[in-house]
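Thank you for asking me to look over this model.

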Amino acid sequence: MRIGELSRRTGVHTHQLRYYEAQGLLEAERGANGYRAYDESAVLRVRQIRHLLGAGLSSEDIAYLLPCAVGEVPELVGCPDLLAAMRSRLRRLDEQAERIARSREALNVYIDAAERMGAEAYPPFEGSALEATSA
């Protein structure tokens, strides 16, 4: 099937399918005319990729996990180093969450200090760097 049909059957835009191919997540044959040709298994592969992306995995993580994927949702069978890779990803997510929590706590401290100092006496910070980062 061509890329347009794969897009229709999976609900994934063609540019995303090309990206998956560039990342090594999806394979296509090239016809004599240069068009991509996907076999029937590409529909399942794209659905697996979408589920794994939805779990917050990077394309690099997914490339590593796909050989272990079975079914649409997918289930991951015991491939070598699979658990180590998923635990590593979980540790990175935990580290990110901790950094965000520390930033949130520090920002609350600054807000509390500003409120105690009578921030209402000053004009609002229209167009300030803080407003720009919250947008």
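1. Leaving out residues up to four places away in sequence, Ala 37 touches Met 1, Ala 28 and Glu 29, where contact means heavy atoms within 4.5 Å. Ala 37 is placed in strand β2, strands (E, at least two residues) and helices (H or I, at least four) being DSSP runs numbered from the N terminus. At 33% relative accessibility, Ala 37 counts as partly exposed; buried means under 20% relative accessible area, exposed over 50%, and partly exposed in between, with a 1.4 Å probe and protein chains only. Between Ala 37 and Ile 3 there are 6.9 Å in space, C-alpha to C-alpha, although they are 34 residues apart in sequence.

2. The basis of the model should be kept in mind: it is predicted, so that local features need pLDDT of at least 70 and side-chain atom pairs count only at pLDDT 80 or more, while totals for chains, interfaces and linings use all residues. Residues are numbered from 1 along each chain as its sequence is written, and side-chain values use heavy atoms, with hydrogens and water left out.

3. Arg 36 also lies in strand β2, and because its relative accessibility is 19%, Arg 36 counts as buried. Its side chain makes a polar contact with the side chain of Glu 21, at 2.6 Å; a polar contact is a pair of N or O atoms within 3.5 Å, of which, within protein, one must be able to donate a hydrogen and the other to accept it, and residues adjacent in sequence count only if both atoms are side-chain atoms. With neighbours within four places in sequence set aside, the residues in contact with Arg 36 include Met 1, Ile 3, Arg 18, Glu 21 and Arg 30.

4. Which residues of helix α2 are buried? In α2, which spans residues 14-22, they are Leu 17, Tyr 20 and Glu 21. Seen down the axis of α2, these buried residues fall within an arc of 100°, so they line one face of the helix, the arc being that of the directions from the helix axis to the C-beta atoms. The face turned away from the buried side of α2 carries the exposed residues His 15 and Ala 22. Cover for the buried residues of α2 comes from elements including α1 (3-10), β1 (29-30), β2 (36-37) and α3 (41-54).

5. The axes of α1 and α2 come within 9 Å and cross at roughly 105°, where axes are lines fitted to C-alpha atoms, for helices over the stretch in contact, and angles run from 0 to 180 degrees between N-to-C directions. That makes α1 roughly perpendicular to α2, a term for angles of 65 to 115 degrees. Ile 3, Gly 4, Leu 6 and Ser 7 in α1 meet Thr 14, Leu 17 and Arg 18 in α2. Ser 7, at 16% relative accessibility, counts as buried.

6. Two backbone details deserve a look. Just after α2, Gly 24 takes a positive phi of about 80°, and the peptide bond from Val 73 to Pro 74 is cis, with omega near -20°. Pro 74 lies in the loop between β3 (69-70) and β4 (75-76).

7. For the chain as a whole, the secondary structure comes to six helices and four strands, following the pattern α-α-β-β-α-α-β-β-α-α along the sequence. Of its 135 residues, 24% count as buried.

Conventions:
Parallel < 35°, antiparallel > 145°, perpendicular 65-115°, else oblique.
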